[in-house]
Amino acid sequence: MSQPEQTTSYDLTAPAFAAHEGGKVEVRATKPLRGFEDLSLLYTPGVADVCLAIAQDPSLSRRFTARNNTVAVISDGTAVLGLGDIGPLGAMPVMEGKAVLFKHFAGVDAVPITIESGSVDELVDAIARMAPSFGGINLEDISAPRCFDIERRLRERLDIPVFHDDQHGTAIVALAGLINACRVVGRELSSLRVVIGGAGAAGVAVSDLFQLAGVEDVIVADSRGIIEPGRTDLVAHKQRLAEQTNPRGLTGSLGDALVGADVYVGVSGGTVPEEQVASMAEGPIIFALANPTPEVHPDVAHRYASVVATGRSDYPNQINNVLAFPGIFRGALDAGGVQIAEEMKLAAAQAIADLVPEPRADLIIPPVFQDGVAEAVAAAVAAHAG
């Protein structure tokens, strides 16, 4: 029985819809099927010995199946881009787009998978049960704080790379940008006072990676203000932030944190008032990464900042995850499907930064389509594997 046709307020003839007509990915065979001889090798009876050999030695699956070059891109649709909880069907165009990027930039075959949301236990079990088909798992657009536990438990349960791009991809590229921004302004990472606006998936990962890279003074603020031990409303991941950040013990609002700050990284949306931007240290670094509307409009940011970056492609210094995740998985897969360790993330950030040998205020990060980015990241990751 056919489903009744639904109505929508969108113009389905617009160019964006035409680009998605019929989906953006397909399956192609890598071996020719020219007749009965090929059929007998690719399928029965020839496939039997390959199956039995893999059953005896599961590591052979990386050599004799597509696993070693195949990643699952998985979402439950609860935190899709800036669109929120739009469900698994609404998330599918994004997962397909991610698969296109994996293939274009790193030659990795990615399978878009959207699943019904559920408890952490249900999602971990569902993803883990499908994992034998893949060489890696890229988690995408899963709401915080569930995403933290889901990634951690999958990493504990699986022996393949598991990577939540909303967290770590953002952090890696932001760190690469900060490394080069420091070169532009003549500062060391360890000397910076950094304020991160947002304590979701990206904010937590940016805080962790910045500190691992040597930033000693990091303050994280959420919609209720500075995250600090005196607050009684903190969930588990924010409690950890309270224990590991804010070394000067500041309290109050985001605006209070910004007074005298050298760096602002926005990963939450909203708008930072201009007077708060003006209260920062002289010539600060501003990464306003919300899309499509940065927390600090570039025109405002440039009145005060030495270096400005956004998440948008129509301004200089786009902090875009595509600079990281294709090469991250390429390197991890090439290294034998290893877990992605913190040292590999630091190496990836440095590799991205090194691709801009002479950074300047309007060029601290390589453009998305610069040749060699994924290859450089993959090499750095593989070199730090094991």
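1. Helix α9 passes helix α10 in a left-handed crossing, that is, the near helix is turned anticlockwise from the far one by less than a right angle. The model is predicted, so local features need pLDDT of at least 70 and side-chain atom pairs count only at pLDDT 80 or more, while totals for chains, interfaces and linings use all residues. Residues are numbered from 1 along each chain as its sequence is written, and side-chain values use heavy atoms, without hydrogens and water.

2. The axes of α9 (residues 201-213) and α10 (residues 236-244) come within 11 Å and cross at roughly 30°. That makes α9 roughly parallel to α10 (angles under 35 degrees). Axes are lines fitted to C-alpha atoms over the stretch in contact, with angles from 0 to 180 degrees between N-to-C directions. Helices are DSSP runs of H or I of at least four residues, and strands are E runs of at least two, numbered from the N terminus.

3. In α9, Val-204, Ser-207, Asp-208 and Gln-211 meet His-237, Arg-240, Leu-241 and Gln-244 of α10, contact being heavy atoms within 4.5 Å.

4. Two cis peptide bonds deserve attention. One joins Ala-144 and Pro-145, with omega about 5°; Pro-145 is in the loop between β3 (136-139) and α7 (146-157). Another runs from Asn-291 to Pro-292, with omega near 5°.

5. Asp-141, not a glycine, has a positive phi of about 55° and is found in the loop between β3 and α7. Asp-141 is buried, with a relative accessible area of 2% (buried means under 20%, with a 1.4 Å probe and protein chains only).

Note on methods
Parallel < 35°, antiparallel > 145°, perpendicular 65-115°, else oblique. Buried < 20%, exposed > 50% of the residue type's maximum accessible area, 1.4 Å probe, protein only.
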